Each structure stands twice: as structure tokens, then as C-alpha cells.
Amino acid sequence: MRTHLVAGTVRHRRSAPFVYELRHEVFYLALDLAEIDEVASRHRLISRNRWNAATFRDEDHFLPPATDLDAAVRSHLRDAGHDPDGWQITLVTSLRTLGYVFNPASFYLCRDRDGKLRVVIVEVHNTHLERRLYTLEPAQHGTVHTAAMAKDLYVSPFIDMDAHYTVRVRDEPDRLQIVIDETEHGAPLLQASLNLHRHRLTDRSLLRMLVRHPVLPHRTIGLIHWHALRLWRRGAQFHPHGA
């Protein structure tokens with residue numbers, strides 16, 4: 001199967017109005033959307049749309065929430081002017097653990113028949129249960145694919161809505177690196193990065209990840225609020241949702 005695990009670190013570095021940095025270990029499933037049912041049938045710890053140690057639910061993804069994610073993504077690509085027949089679409093995301101999931105960002109890496117990365121769809125979720133899709137057609141500079149997008153979803157109460165993202169993807173056989181640089185009012189503000197190494201998906205490797213990173217989605221939402229409290233106590237400007 002082409003589906004595999006990716007594990008490594010997530011890092012955020014805020015440069016204004018003060019320097020604030022965080023770094024945590026993470027792992028994700030790099031799921032070939034054409035293999036969803038095969039992954040669920042071949043691995044005892046993973047199920048599709050039913051409870052297990054790790055669960056993939058179609059409705060946790062896309063906008064509107066999908067009933068068949070592979071079909072929804074391919075329809076979305078057709079609406080954007082592409083012919084995705086024969087394309088490989090890999091979703092980098094966290095699975096539900098003990099029935100819960102929260103993915104601040106998931107990434108759909110869409111490769112054409114020749115294996116070239118043609119489209120990157122970034123699916124962003126916030127803590128207000130809102131989600132947004134950003135469809136990027138990255139230009140390639142060497143081994144790095146780069147694209148930009150304007151922010152139009154409230155994410156952090158400490159970042160204004162007048163912001164832009166530049167996304168860089170380095171997609172290599174043994175590792176995946178995604179870097180997002182965010183500017184606010186035209187000035188550099190935040191860099192978020194994922195540095196991940198690829199691992200074969202087996203029951204044993206998944207169990208090892210689940211033991212090493214227990215209840216990762218619960219930890220993610222807890223850390224979001226913990227770092228928000230620290231930013232607030234340091235005096236970062238607060239922007240209420242809907243302001």
C-alpha cells in the first residue's frame with residue numbers, strides 16, 4: 001500500500017510583538033484516499049466510520065463534511081479545472097483516538113499520473129467548529145513547492161484577520177516538510193512547520209505511535225489552550241471571534 005505513517009515535530013515561532021516558540025512531537029497518517037477501505041480491513045487498530053483505537057471518519061473532513069472523502073476531493077478538483085482521474089491523493093491528518101479528533105490543519109497532496117505534485121489542499125479547522133479549504137497550485141522551485149493564500153478563517157485570537165500565508169512543501173521519498181509563513185499587515189509574524197519522516201504502516205508501528213503519543217488529539221487541543229493562556233499573560237493583543 002502507498003498509505004504510511006509520518007512522524008516528527010511541529011514547530012511554531014512567533015516573532016512579534018515578542019518572540020514565542022513551541023515545539024512538540026507528533027505523528028500523522030498519510031492516507032491514500034483510494035485505499036481507505038483497504039487500510040481499515042488490513043489493520044486491526046484502524047476502522048472507517050466506526051469506533052476503534054484509531055478511527056477515520058469521512059465527515060471529519062472537507063466542506064461540506066464528506067460522506068465519501070475520495071469522491072468529494074476529486075469533485076472539488078474537477079470544479080477547480082483539473083482532471084484528477086488517475087491522480088494519487090494523500091491526506092496527511094490525525095485519526096480519531098478514543099472517539100475524539102481535532103486537526104488544526106490537514107493537507108491533501110494531489111499528484112498527477114506522473115507523480116508530480118499538482119495541487120495542495122489545506123483544510124483548516126478552528127476551535128469554534130468552523131473549517132475552511134484553501135486550494136493551492138504550487139509552483140516548483142527545485143524540490144520545494146510554494147504557493148500563497150489570503151487568510152479568511154479566524155484561527156488564533158492573537159492574530160488579526162488581515163494576514164496572508166505562504167506555504168512551502170518539500171515532498172521527498174523519505175520525508176515530508178511543510179512550512180507556513182504568516183504575515184500580519186504585511187509584516188512577518190509566525191512560522192509554523194512540520195518536519196516528518198515516513199514510516200511503513202503496520203499494526204505494530206501504529207501501536208508504537210499510539211503508545212508514544214497517547215491521546216494525541218486530546219493533547220493537541222489542550223496545548224492550544226495552554227499556549228493561548230501563555231500568550232495572553234504575556235500581553236499579546238486579543239482579537240475576539242467575530243470582531
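A search of the whole structure finds 20 salt bridges. A salt bridge here is a side-chain nitrogen of Lys or Arg within 4 Å of a carboxyl oxygen of Asp or Glu. Before you click, note that this is a predicted model: local features need pLDDT of at least 70, side-chain atom pairs count only at pLDDT 80 or more, and totals for chains, interfaces and linings use all residues. Residues are numbered from 1 along each chain as its sequence is written, and side-chain values use heavy atoms, with hydrogens and water left out.

**Stop 1: a salt-bridge network**

Select R11, R13 and E21. Salt bridges link these residues in a network. Begin with E21 and R11: their closest N and O atoms are 2.8 Å apart. E21 sits in strand β2 and R11 in strand β1, so the pair ties together parts that are 10 residues apart in sequence. Helices (H or I, at least four residues) and strands (E, at least two) are DSSP runs, numbered from the N terminus. Now look at R13, whose side chain meets that of E21 in a salt bridge (3.7 Å, N to O).

E21 counts as partly exposed, at 41%. R11 is partly exposed at 23%, and R13 is partly exposed at 33%.

Next, select E172 and R170. They form a salt bridge with the closest N and O atoms 3.7 Å apart. R170 is partly exposed, at 24% relative accessibility.

**Stop 2**

Most residues other than glycine have a negative phi, and most peptide bonds are trans. Now find some exceptions. Select A16 and P17: a cis peptide bond joins them, with omega about -5°. P17 is in the loop between β1 (4–14) and β2 (20–32). Go on to L63 and P64, where the peptide bond is also cis, with omega near 0°. P64 lies in the loop between β4 (54–56) and α2 (69–79).

Select L98. Its phi is positive, near 55°. L98 belongs to the loop between β6 (96–97) and β7 (105–111), and it counts as exposed at 51% relative accessibility. Then take L129, with a positive phi near 65°. Its loop runs between β8 (117–125) and β9 (131–136). L129 is exposed, with a relative accessible area of 84%.

**Stop 3: the nonpolar cores**

In soluble globular proteins, nonpolar side chains tend to be buried together. A nonpolar core is a set of buried Ala, Val, Leu, Ile, Met, Phe, Trp, Tyr and Cys residues joined through side-chain atoms within 4.5 Å. Select L33, L69, V73 and Y108. Of the 30 residues in the largest core, these touch the most other members. Which residues does V73 touch, not counting residues up to four places away in sequence? They are L33, F62, I89, Y108 and I121, where contact means heavy atoms within 4.5 Å. Another core, of 25 residues, lies apart from the largest one; its members include Y28, V122, L136 and L194.

**Stop 4: pockets and a cavity**

On a 1 Å grid over the protein atoms alone, a cavity is a set of points where a 1.4 Å probe fits but cannot get out, and a pocket is an open set with protein on both sides within 12 Å along at least five of seven lines; lining residues have an atom within 4 Å of a point. Grid points are joined across faces, edges and corners, and a volume is the space filled by probe spheres set on the points.

The largest pocket has a volume of about 1200 Å³. Select H12, P104, V155, A192 and I224: of its 48 lining residues, these are the closest to its centre. Helix α4 gives the most to this lining, nine residues.

Move to the second largest pocket, of about 290 Å³. Of its 14 lining residues, V101, F102, H125, L129 and R131 are the closest to its centre.

Finish inside. There are three cavities of 30 Å³ or more. The largest cavity holds about 100 Å³ of space. Select F27, S94, L95, T97 and L210, the closest to its centre of the 14 residues that line it. The largest share of that lining, three residues, comes from β2.

Key:
Buried < 20%, exposed > 50% of the residue type's maximum accessible area, 1.4 Å probe, protein only.
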